[in-house]
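Hello,

Here is the structure I promised to hand over. Please look through it first; my notes follow below.

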Amino acid sequence: MLPEGLSAESLRDMYYCMVLTRTCDDRAFALNRQGKIPFAATCQGHEGVQVGAAYALKRGTDWIVPYYRDTALAIAFGVTPREQLMCLFARKADVFSSGRQFPNHYSVPHKNIASISSIIAAHVTHGVGMALAFKMRKEPAVTLITFGEGSTSEGEWHEALNFAGIHKVPAVFLCENNEFAISVPQRLQMAVENVADRAAAYGLPGVICEGTDPVATYLCVREAVERARQGGGPTLIEAKCYRAMSHTSDDNQLTYRTAEEIEALKVRDPIPRFEGWLKERGLIDDGTTEELKKKALAEVNEATDWAEEQPPPTEEDLYTHVYASGPLS
Amino acid sequence: MATAEVTKTQTQSTMVQALRSALLEEMERDENVVLLGEDIGPRGGVFLITEGLIDRFGKDRVIDTPLAEAGIIGAAVGMACYGLRPVAEIQFIDFIFPGFDLLVSEAAKMRYRSAGQFACPMVVRSPYGGGVRGGGYHSQSPEAYFVATPGLKVVAPSNPYDAKGLLIASIRDNDPVVFMEPKKIYRAVKNEVPAGTYEIPIGKAAITREGKHVSVITYGAMVHVALEAAEIMQKERVEVEILDLRTLQPYDSEAILETVGKTGHVVVLQEAPRIGGFAGEIAAFIAEEAIGYLEGPIVRVAGWDTPFPYALEKAYMPNAQRVCRAIKKSINF
């Protein structure tokens, strides 16, 4: 029996989305090591939680307020490989910021993706304001706000959840707990065992799910989204996952965890695990998985070549969009 | 403005009344205008700017928030990006710093970082400035931080009439505005404020007093200190022109050049500490663009470069005597 709300086709789409993201992610690091792009951030190990969450939302109605590690979430919400590669190369036609922001700092209003900065947890407050705006304007949208467990130490995170709990805004808070804030392990970030335990302080349900499993995350987020849509208020979900690589292309995780620890995490890789799940249910076979991996590679190759050819912003672009009326001087 | 009908509807108002009427009229005009802040509901705000508005518009449009400035400004950013026009009150501008990040990193950069796809039409209103025995944390003038942030606009009215027109313009503006209210003159200064809606354009200065010997360029509550100084100098046959900037970012460079061209002597007056202050920007601008007009040094009058004191407030605040000394320094060069 298939999980409620998911067809065989959508499950295969979810799998493809995870594979496509992984291919983009590997490409970003390769381009960085080749000196072609200045910076890359990874979501490897998070693909399950992100794709599962995206499929629990109503496309075109609901909004996501992501953070910088949400490549799979953005791709599942309609960002294309070309768009992803354009932001990596910081080209003028980059649809997120026209080359003004770091990679993975999305701003895609026509795909219901909010604008984010690099300030940890600042976007959580915006997500709450946005959800309040939807509620006041009687729009049916639910806002999914995502963040790492590191964010939950920030004052802004607390202020946002406190506000959300009081006003029962139609939002879902999804923590992608990968156990590290760059190099600082969870035990040095919080005295509680689970981020979900913090929910009690805001009068919210706190729920834990296995974040490397897209179906488990989907079911959990789906319930929270429905609750929010019915006016039942927000939920704090903690999806336990892991970070397979260094924080970014500028980090070296071997300075704070051992090669053995990193190797041991590989058994949790969401992609082979989900592949196994689909195969057990006869929803996919070896031929199809190989075909989809090839397709993803071809898409990312095409997007890379295309994006690399696009022109960068020019100096005149420096002065646009400072104010509605243009720059001041 | 000068017609008999308009005059009939004008009354002598305080800045508190003028600001309240701006909020009320804008909320009636546009249901997307919402207020949020600490104690702004039944309490009406600690300075009573929002008094009665919750009864009129309900708790969904006049939101009493938790004590959380980042939460207030951050929620306003989200609301502004998605169709509302939030007006957030920060109880004293000294309390804005927990929410500073949301203004400087988020509101100010929303348009730029999304290449124009998102805008942040919001106002953060806040009382600023000394002279009310508020001590170190209810008295400061931190405008320089905001002026130094491209993407923000900064407004500081000096009288009730301007306060109403500038607040209406700020609410209607499509970019984030830090609206600094000089609390010392919330009730101390009255002038004619029409009942109807009107805007004073952001970025336009006003000549408060005409004179031909020296220009005092200032804003907010300090306009009244400049007026006092001008009266004193008048007795010495020095005619002081006072330029009230009204908006600090963008500031009215044309009006500055005009008054400097007219008098050739400049005093820039601010309440904030001198070093790194906004007066320095005005002085630098004049030095760059109008050195040929100058017949004496540009002199700044400012607060001292110390934290804002409690017992020694009077010694700290710029007063008419200090402004007169600066005027003499400029004209006796």
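**Cavities**

The lining of the largest cavity has seven nonpolar residues, four polar and no charged. Here Ala, Val, Leu, Ile, Met, Phe, Trp, Tyr, Cys and Pro count as nonpolar, Asp, Glu, Lys and Arg as charged, and the others, Gly among them, as polar. A cavity is a set of points on a 1 Å grid over the protein atoms alone where a 1.4 Å probe fits but cannot get out; lining residues have an atom within 4 Å of a point.

This is a predicted model: local features need pLDDT of at least 70, side-chain atom pairs count only at pLDDT 80 or more, and totals for chains, interfaces and linings use all residues. Residues are numbered from 1 along each chain as its sequence is written, chains are lettered from A in the order in which they are written, and side-chain values use heavy atoms, without hydrogens and water.

The count is three cavities of 30 Å³ or more. The largest holds about 70 Å³ of space. Its lining includes A:Tyr67, A:Tyr68, A:His123 and A:Ser151. Volume means the space filled by probe spheres set on the points, which are joined across faces, edges and corners.

The second largest cavity holds about 40 Å³. Residues of its lining include A:His126, A:Met130, B:Val77 and B:Cys81. Two elements give two or more residues each: α5 (122-136) of chain A and α4 of chain B. Helices are DSSP runs (H or I, at least four residues), numbered from the N terminus. This lining has seven nonpolar, two polar and no charged residues.

**Cores**

The largest nonpolar core has 85 residues. Such a core is a set of buried Ala, Val, Leu, Ile, Met, Phe, Trp, Tyr and Cys residues joined through side-chain atoms within 4.5 Å. Buried means under 20% relative accessible area (1.4 Å probe, protein chains only). Helix α4 (residues 69-81) of chain B gives the most to this core, with nine residues. Domain 1 (11-194) and domain 2 (206-331) of chain B both contribute, so the core lies between them. Domain bounds come from an automatic or database assignment.

B:Ile286 is among the residues with the most contacts inside the core. Its partners include B:Ile217, B:Ile256 and B:Leu294. Contact means heavy atoms within 4.5 Å.

**A covered helix**

In chain A, helix α4 (residues 81-89) has eight of its nine residues buried. Among them are A:Glu83 and A:Phe89. The cover includes α1 (8-33), α3 (71-76) and α10 (286-309) of chain A.

Best wishes

Methods
Buried < 20%, exposed > 50% of the residue type's maximum accessible area, 1.4 Å probe, protein only. 1 Å grid on protein atoms, 1.4 Å probe; cavity = no way out; pocket = protein on both sides within 12 Å on 5 of 7 lines; lining within 4 Å. Lists of a residue's contacts leave out its neighbours within four places in sequence.
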